Amino acid sequence: MPYRLIAIKADERRWWEETGDWLGPLDAAVDLNKRLQTWRMKPLDPGIPFLVSWGRLVGGNFIGVHRAVAVFRSPQTGALHVSAMGGAAYRFMRTGVNGLVIIGKFNKPTLILIGSKAGKLSVEFQEVDLDRLWGYGGRTGIESAKQFLLDNYWDFIYEHKARPIVTGPGAASTIMGAIASYEVDYAKKAYKLGAEDFAARAGGGSALVRGHNVAAMLLGGDSEVGGPKMGDIDKIFIQKLGKTYIQVLNEKTIKYRFDPQLGTGGTFGVNYVHYRELIPMFNFQSIYLPLEERRKWSDAAIEHFWKPFQEEAFVKSRSWYNCGEPCPVVCKKVWRGKKIDYEPLNAVGPYIGVFTLGSAVKVADMVDNYGLDTIEVGYDLGLAFEAVDRGLIEPEEAGLSGRPVMNPLVYDVSSSELNASLAEEGVRSLMSGVGLLGRIGAIGLRRAAEEAGVVDYAVYVPLGDSNYMTPNYYWAPGMVAPIYMLGRYWTNYNPTFMDPVDFAKSVYSRALMELMIDEAGACRFHRGWLEPTLKEVYGLVGVDVDVDKFAAAVYREFADYAQKAGSTPRFWESKRTRDMVTTMASELGAKDWAGKDPLEWYEKFKTAFDGLVYGGPNR
Ligand code: SF4
């Protein structure tokens with residue numbers, strides 16, 4: 001079966017169906033970019049395709065395979081990036097196609113409506129005033145856009161059971177704008193609690209709005225989408241793993257639903273009690289603290305940050321929701337109406353010296369509503385806060401009106417309120433171009449840190465001359481290692497320190513598997529059952545794929561693209577990033593590497609990793 005994409009030529013306001021023998025979103029995007037040689041263009045060039053599509057496992061009884069996957073050229077990394085939204089394809093697949101790709105730029109900001117009715121596909125383009133979209137009905141930002149769509153496009157939404165993709169004003173004014181999608185409650189003309197997801201990393205929203213003038217989309221329809229049935233699925237699982245599909249799924253997703261051993265669940269619930277003193281805090285200054293000091297801050301995080309969530313989301317009630325597809329893992333844990341995930345909340349929580357959950361949630365709400373990448377914003381605020389706290393720059397130079405408390409040696413939890421209110425101010429500065437934070441919003445953390453002379457306190461991986469990526473919040477060398485898809489989990493992100501050659505092997509094998517999870521449009525919380533059965537699972541939809549060979553070839557394409565675009569990893573130019581690696585060596589007693597210049601480890605890793613990437617089989 002060919003993979004079918006709606007191809008939209010935005011500047012000509014026309015569309016057609018583009019087909020290929022692609023397996024899924026990643027090889028489709030790589031192929032289209034290759035044909036157009038888009039590495040020759042600047043990252044926000046309208047000629048670069050923006051693809052949103054889903055995998056081939058949708059529509060049947062498989063669970064957790066309905067992610068909408070965006071692949072775009074990132075204005076942050078300068079290379080191709082992959083980012084996904086859980087559950088969205090559960091609605092989008094009913095358009096009857098496998099996805100869409102946008103090339104060119106609409107003259108004016110535009111809303112795209114894609115619907116299928118009784119076998120007929122319709123694609124409409126409607127101009128939309130951005131001030132109205134992001135300032136409607138007394139609301140602002142993404143909340144406004146959501147309501148605007150409900151009020152003005154309800155007939156389309158209801159008739160097609162459509163689900164939106166929206167952006168916020170951060171997409172128009174920064175390079176770190178996200179795209180987001182929300183499940184609609186069609187009976188109540190409202191959005192479902194917790195059933196939302198952001199594809200936030202690396203500026204996909206910025207690429208969509210600034211590169212193509214697309215501010216929002218609605219996708220849905222009534223196409224029947226057949227897929228594997230439970231009887232056939234069970235046969236595979238019983239044969240291969242000795243248990244039914246649901247038995248295996250329940251075992252493998254326990255962390256994300258409820259882990260009885262820990263008495264909690266979801267990434268936020270589990271990580272604070274699992275990683276404890278390894279959780280990055282205070283702009284990663286936590287890595288310099290002795291163990292007992294880190295324990296103190298870990299205890300504080302558990303007491304003030306984790307416990308209020310635990311009480312309300314696990315003890316008093318079970319406010320657990322899914323992302324929009326009927327998934328029993330219900331990983332979306334909601335606290336007072338807010339979906340709570342580890343990464344974004346740590347970003348605007350302990351990472352910036354905010355240990356009270358309510359204060360961090362206020363900042364997270366604000367960042368989400370601007371449609372920004374909260375993980376990135378945490379690093380941006382962390383740098384600005386520390387630079388001011390150390391007296392390297394004045395508050396007004398950072399875009400702040402006061403001095404945050406970021407030194408863990410003098411910090412007190414009571415400073416949370418101050419830091420949170422300065423964070424809100426800092427986010428406004430980031431949006432409006434004020435001070436260091438404003439520069440970060442406009443040109444990114446790396447270049448802005450260079451301009452301000454504070455590179456050594458910024459945490460990022462340099463890519464090419466001016467691009468970069470910030471890591472997810474794990475104190476783990478794999479998060480900053482020189483690989484070709486950063487800011488995601490295409491790596492070994494365990495807090496570990498290994499010989500660089502062995503580590504390269506383990507990172508590479510994880511990268512290939514994570515790539516295949518994205519290629520399948522699968523939720524990575526379901527990777528535990530999908531990875532060992534990928535070949536057989538694809539067999540059920542009539543696809544014969546050599547998983548390792550295919551993944552190696554697609555990964556190499558991503559690496560090739562980064563090479564041609566001049567955006568490959570460089571040695572860590574910031575001391576904080578280097579220290580993140582060397583302190584992990586000391587923490588784990590890796591005597592050969594502790595306290596050493598990490599350049600040798602870096603180079604050995606890079607040589608070994610590139611050897612694996614370029615020595616692998618062809619597709
Ligand atoms: S684990 Fe969560 S995000 Fe993944 S499919 Fe289930 S509900 Fe959706």
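Modeller: With a cut-off: buried means under 20% relative accessible area, exposed over 50%, and partly exposed in between. Bear in mind that the model is predicted.

Biologist: Is Q126 buried, exposed or partly exposed?

Modeller: Q126 is found in strand β8, residues 120-127. Its relative accessible area is 26%.

Biologist: Which side chains make a polar contact with the side chain of Q126?

Modeller: Leaving aside neighbours within four places in sequence, Q126 is in contact with P109, T110, L111, L113 and Y153. One of these, Y153, is joined to Q126 by a side-chain polar contact of 3.0 Å. A polar contact of 3.0 Å also links the side chain of Q126 to that of E124. The side chains asked for are those of E124 and Y153.

Biologist: How far apart in space are Q126 and V214, C-alpha to C-alpha?

Modeller: In sequence, 88 residues separate Q126 and V214. In space, their C-alpha to C-alpha distance is 9.9 Å.

Biologist: What is the phi of A118, and what is that of Q37?

Modeller: Most residues other than glycine have a negative phi. A118 lies in the loop between β7 (110-117) and β8, and it is exposed at 72% relative accessibility. Q37 is found in the loop between α1 (25-36) and β3 (50-53), and it is partly exposed at 33%. Both values are positive: phi is near 45° for A118 and about 50° for Q37.

Biologist: Which residues of helix α19 are buried, and which residue follows the helix?

Modeller: Helix α19 covers residues 445-452. What covers its buried residues includes α15 (374-389), α18 (435-443), β16 (461-463) and β17 (467-469). The buried residues are L445, R446, A448 and A449. After α19 comes a residue with a positive phi, near 70°, and that residue is G453.

Biologist: How many salt bridges does a search of the whole structure find, and how far apart are the closest N and O atoms of E303 and K307?

Modeller: The search of the whole structure finds 43 salt bridges. E303 and K307 both lie in helix α12 (residues 291-315), four residues apart, about one turn of the helix. An α-helix has 3.6 residues a turn, so residues three or four places apart point the same way. E303 is partly exposed at 40%, K307 is partly exposed at 37%, and their closest N and O atoms are 3.0 Å apart.

Biologist: Which residue forms a salt bridge with R336, and how many residues apart in sequence are the parts that the pair ties together?

Modeller: The closest N and O atoms of this salt bridge, between R336 and E312, are 2.9 Å apart. R336 lies in the loop between β14 (332-335) and β15 (338-339), whereas E312 lies in helix α12. R336 is exposed at 62%, whereas E312 is partly exposed at 23%. The partner is E312, and the pair ties together parts that are 24 residues apart in sequence.

Biologist: Is E531 buried or exposed, and which residues are linked with E531 in a network of salt bridges?

Modeller: E531 lies in the loop between α21 (527-530) and α22 (534-540). At 17% relative accessibility it counts as buried. Leaving aside neighbours within four places in sequence, E531 is in contact with R510, M513 and I517. The network links E531 with R510, E514, R524 and R527.

Biologist: How large is the area buried between domain 1 and domain 2, and how many salt bridges are counted between them?

Modeller: The domain assignment gives domain 1 (3-219), domain 2 (257-475) and domain 3 (500-615). The C-alpha centres of domain 1 and domain 2 lie 27 Å apart, and 37 residues of domain 1 are in contact with 35 residues of domain 2. Carbon and sulfur atoms give 56% of the buried area, which is about 2700 Å². The count of salt bridges between domain 1 and domain 2 is three.

Biologist: Which element supplies the largest share of the side of domain 1 that touches domain 2?

Modeller: Across this interface, 16 residue pairs are in polar contact. On the side of domain 1 that touches domain 2, at least two residues each come from α4 (141-152), α6 (169-173) and β11 (190-199). The largest share, six residues, comes from β11.

How values were computed: Residues numbered from 1 in each chain as written. Predicted model: local features only at pLDDT ≥ 70, side-chain atom pairs only at ≥ 80, totals over all residues. Heavy atoms only, no water. Domains from an automatic or database assignment. Contact = heavy atoms within 4.5 Å. Buried area = accessible area lost by both parts, 1.4 Å probe. Salt bridge = Lys/Arg side-chain N within 4 Å of Asp/Glu carboxyl O. Polar contact = N/O pair within 3.5 Å; in protein donor to acceptor, adjacent residues only side chain to side chain. Buried < 20%, exposed > 50% of the residue type's maximum accessible area, 1.4 Å probe, protein only.
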